[in-house]
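Hi there,

Here is the structure I promised to pass on to you. Have a look at it first, and then read my notes below.

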Amino acid sequence: MSRFSIFSLLILSSVLMADPLSQDQMVQKGAEVSATLIQKLGSELKTQMQANGPIAALNFCSQNALNLTEQVAKDSGISLKRISLQNRNPVNAATQEEKILLDQWQKMIKNGETLPVYTLIKLTNNHNVYYKPIVINNEACLKCHGDIAANSPLGNAIKQSYPEDKATGYKMGDLRGMIAVSF
């Protein structure tokens, strides 16, 4: 058994101890909140993309994605964030602990393994996090996250909105990042 697997089992077993929410309740709430975020953000981006193209979708995202994420979190009463190893916005950069999980998931994809629907980890005495992988599974995602020519109008718009952008070059089936729902 790998070091990460043993680590995961130890953490997961600690989740089974008494918490204000049961493990099942955290999983249910994590799935619900992450699905709400994906639905709201996805539908807004789809609307922008269809009406005005990828640059409008990029502008919408740069101006509204963080606020939309914060609104879903506020409405659910839970801490929520999007995380990536190849972040577009530095706010979404993975921590060292999150990098371990994302690296594990990337290895699973590379080896042809199926990703878990979620991972629930107990980080500290009263802090649990539900992580949901985000996989590129829609061609529309590749309009802004695929192979973008650096000097194209979209490439220039990305550079202007996100000078430190790392979120291009993805292909279908790639791990884009994850959603973290904290309890």
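Helix 4 is followed by G112, which has a positive phi, near 75 degrees. Before going on, please note that this is a predicted model, where local features need pLDDT of at least 70, side-chain atom pairs count only at pLDDT 80 or more, and totals for chains, interfaces and linings use all residues. Residues are numbered from 1 along each chain as its sequence is written, and side-chain values use heavy atoms, with hydrogens and water left out.

Helices (H or I, at least four residues) and strands (E, at least two) are DSSP runs, numbered from the N terminus. Helix 4 covers residues 96-110. Which of its residues are buried (under 20% relative accessible area, with exposed being over 50% and partly exposed in between; 1.4 Å probe, protein chains only)? They are E98, L101, L102, W105 and M108. These residues sit on the same side of helix 4 because they cover an arc of only 115 degrees around the axis (taken from the directions from the helix axis to the C-beta atoms). On the other side, Q96, K107 and K110 are exposed.

Strand 3 (residues 127-135) and strand 4 (residues 175-182) are antiparallel and pair over seven bridges. I134 has G177 in strand 4 as its bridge partner.

Enjoy exploring!

Terms used: Pairing = 2+ DSSP bridges. Expected span 1.5 Å × (residues − 1).
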